[in-house]
Amino acid sequence: MEHKNLSLTLKVWRQKNSKAQGGFETYKIDGISTEMSFLEMFDVLNEKLINEGKEPVAFDHDCREGICGMCSMYINGRPHGPWHGTTTCQLHMRAFNNGDTIVVEPWRAKAFPVIRDLVVDRSAFDRIIEAGGYVSVNTGTPQDANAIPIPKQKADAAFDSAACIGCGACVAACKNSSAMLFVSAKVAQLANLPQGQPERATRALNMLDQMDKEGFGSCTHTGACEAVCPKEISVLNIAKLNNEYLGASLTVARD
Amino acid sequence: MTLNSKVPEGRMDQKWDNYKASVSLVGPANRRRLEVIVIGTGLAGASAAATLGEMGYKVKAFCFQDSPRRAHSIAAQGGINAAKNYQNDGDSDYRLFYDTEKGGDYRSREANTYRLAQVSANIIDQCVAQGVPFAREYGGMLANRSFGGVLVQRTFYAQGQTGQQLLLGAYSALERQVALGTVTMYSRHEMLDVVVIDGKARGIIARNLVTGELERHFGHAVVMCSGGYGNVFYLSTNAMGSNVTAAWKAHKKGAYFGNPCYVQIHPTCIPVSGDYQSKLTLMSESLRNDGRIWVPKKKDDNRKPNDIPDEERDYYLERRYPAFGNLVPRDVASRAAKERCDAGYGVGSSKQAVYLDFKSAIERYGKTEAHKKGMHNPSKEEITEMGKDVVKSKYGNLFAMYEKITGENPYEVPFRIYPAVHYTMGGLWVDYELMTTLPGLYALGECNFSDHGANRLGASDLMQGLADGYFVIPYTIGSYLSKEIRTNAIPTDHPAFDEAEKNVRGRLEQLLNIKGTKSVDHYHKALGQIMWHKCGLARNEKDLKDAIQEIKALRAEFWKDVRVPGEMNSLNPELEKAGRVADFFELAELMCIDALNRDESCGCHFRLEHQTEDGEALRNDKDFAFVSAWEHQGDENWELHKEPLTYEYIEVKQRSYK
């Protein structure tokens, strides 16, 4: 690919810690190759800040190949930036033009408090999984893996739901800061598989309870979550979750 | 100290059963009072923590990421091997063992590898029971594909995201134990030292990465599952945070380091595009099932790939290795690519790349589809369209990833690929029970040295991580802990904790106080350059000797002139990186010493002085059939111990994939 160099203006959210007042800082940056990834552009910015004796911008990232779900960044009003079905680490600077101003903020949601700059605390997602996002099977000697045939369509549907990387873009995009897409992906995955049946009803109820406790909002079906999901998890999962929830509410006796 | 591998007596296929039948067990009441620390939450760590928690041990699990689900096992793409023989193509425990030994160029411990093959089938059963959505056939049975270096189809997969699905399975099991209170999870924590009391590992010092505080944690045993050290090369397919620090601290406290020079360089990665490059992206080896690798027959051929007719292409793997073709093991494929590029046949603007072409696969699949649909005279376009759909269903996410990164569409133009540092077979030396030479300290998964010899076969890393965590450590840790049931938890105000914390704090303060002129990344990149050029795909005596001197000099400069901004008592990613790079410097030197000492070629360790007439690795079994286990004896000083490798169940041969 042919590459060009860009000069850009960055407006980046800086915040010392969860209690401090944050604000935007503006940085000018030159010589950004269109072949760079968005995070490599941040590496260049940080190298520049360090050389100037300033503190670099803290941001979460790890695998840089779009699968660990650690990178976040709300770029020009959209989680993970302008490309469809793409994490921030896989967004490349080809997406921008020379002279652009790019605004970068952390995920914003009550349940995701800012730790520093662009880093937020997403441990609420772990606690939602703790509430039931599993099949209760101990390590041991379960039956042979081929003992229960699973229709290919069912297995594929379960996989499509299971592809969620837990990044939280759905929450960041939602005007209610709802975690319904995240919760529904796990509930739908296990509801589609025979292994998930015994705990199917309680799983849906308990995970949704935990979601509420963590301070996530409710779903009003705007579909913003699906539009920004880097793994293109479908809102049909939410429909499935609602179905599961309704069924469970009618059949499970609760305290 | 002599190395005791503790391999049980008896026939190879009975050793593990004999071991399990005779190992000491810890009763349920005692398990509740025994504390185990697990470092890292990838496949090995998450599966170990979950299983030990299920058994009733008090487990504390640590990871530096914001959630255990992010560990780099998640990025493994292609699949996981298991000797299920579901395809009825002649697979067996022995065959998997044999392939792994041969693939590793006869440099791994037979008994460990055999056990790995034996427990492999159980892993698939366990994962399916957890709800891992593996790929299936229309009849509802599990699907398989083939991988490099083998002649059977034993690889289970979930599209190109197998590592993700397996890790999420282990993570779910782990979170279930967190909810039950048997495991306490410490995310955003980094282990910075092992605490040794009376010669046994009894705890760790960890830094809370959010607050910067140093914490003390006691454990009756410490289980290291901290992954590999490929990031010593700066550019690798590892995650940005992957590091050697935890394993290195253990090494400096008495755990020997095994075979540090064995580094796998993966043949199918996206080439480097510029000096800002922060990491390299791997394209699953499964692409070699259907893709054909080639370069132009003419040097410096600047035509576009699709303008070069078939007869002017050199499918060099098919030419050199007719039996295995594009599916030769990774070390062989990587060296062959480098050989063609060094000879001037490379492609792309950097000339450091070869083509991986799906054109014939698309055509072949398209014709099959047409046949299935009863189309008798399909047009070329129809065939291509249907063929692309099939390829998309198999490798869609990989094609999309490549297009995002390079801006090129691999359905239309061939992939450009080049080898990149990927996996480290070396690691902490462990015995059959996975215990290191520091009593009470275990090492599982990529951070140990044990199962893959000098080269790992594709889809065997996931197998090893889960085998160690789900099915090996739960038994072997009992052998040690059964003797610890009378040991009460040691309070963390013990002088050994004081001392360890003081040292950790001193080192962090030292890094912050240098206040030099160059960033951590500057030094890391420079170190990576030395390692890639002198301790990479091909090595020789002179380069290795030079590298050792260059590393020493660069390390001295780092400690005088690095600039680490920020403070200790807050989230400070630069400080985290600085500590890791400081450890990489020490490891890098040991890797070069090991590579220099191993005056033979084997698997991924290719010494230019030792090659066959065809340019293949030439082993020297007489002098080098041993594991190098290095004992740390102070700064820049190591003593070599040798564990001899003997082969009873396999005939050691010159590897051939022709």
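**View 1. Polar contacts between the two domains of chain A.** Between domain 1 of chain A and domain 2 of chain A, three residue pairs are in polar contact, both residues being at pLDDT 80 or more; a polar contact is a pair of N or O atoms within 3.5 Å, where, within protein, one must be able to donate a hydrogen and the other to accept it, and residues adjacent in sequence count only if both atoms are side-chain atoms. On the side of domain 1 of chain A that touches domain 2 of chain A, the residues divide into five nonpolar, seven polar and one charged (Ala, Val, Leu, Ile, Met, Phe, Trp, Tyr, Cys and Pro count as nonpolar, Asp, Glu, Lys and Arg as charged, and the others, Gly among them, as polar). This is a predicted model, in which local features need pLDDT of at least 70 and side-chain atom pairs count only at pLDDT 80 or more, while totals for chains, interfaces and linings use all residues. Residues are numbered from 1 along each chain as its sequence is written, chains are lettered from A and ligands numbered from 1 in the order in which they are written, and side-chain values use heavy atoms, with hydrogens and water left out.

**View 2. The extent of the two domains of chain A.** The domain assignment, which is automatic or from a database, gives domain 1 (5-105) and domain 2 (123-251) in chain A, and their centres, taken over C-alpha atoms, are separated by 30 Å. In chain A, 13 residues of domain 1 are in contact with twelve residues of domain 2, contact meaning heavy atoms within 4.5 Å. The two domains of chain A bury about 920 Å² between them, 58% of it on carbon and sulfur atoms; buried area is the accessible area (1.4 Å probe) that two parts lose on being put together, summed over both.

View 3. Helices (H or I, at least four residues) and strands (E, at least two) are DSSP runs, numbered from the N terminus. Seven of the eight residues of helix α2 (residues 123-130) of chain A are buried, so this helix is largely enclosed by the rest of the structure; buried means under 20% relative accessible area (1.4 Å probe, protein chains only). The buried residues of α2(A), including Phe125(A), Ile128(A) and Ile129(A), pack against α4 (169-173), α5 (180-191) and α6 (200-213) of chain A together with α6 of chain B. After α2(A) comes Gly132(A), whose phi is positive, near 160 degrees.

**View 4. The interface of chain B and chain A.** Here 77 residues from chain B and 75 residues from chain A take part in the contact, and the area buried between the two chains is about 6300 Å², with carbon and sulfur atoms giving 52% of that area. Arg70(B), Tyr276(B) and Lys404(B) supply 12% of the area that chain B buries against chain A, more than any other three residues.

View 5. Four salt bridges are found across the interface of chain B and chain A, a salt bridge being a side-chain nitrogen of Lys or Arg within 4 Å of a carboxyl oxygen of Asp or Glu. Lys84(B) forms a salt bridge with Asp144(A), and the closest N and O atoms of this pair are 2.9 Å apart. Across this interface of chain B and chain A there are also 43 residue pairs in polar contact (both at pLDDT 80 or more). On the side of chain B that touches chain A, the largest share, nine residues, comes from α6(B).

Note on methods
Buried means under 20% relative accessible area, exposed over 50%, partly exposed in between (1.4 Å probe, protein chains only).
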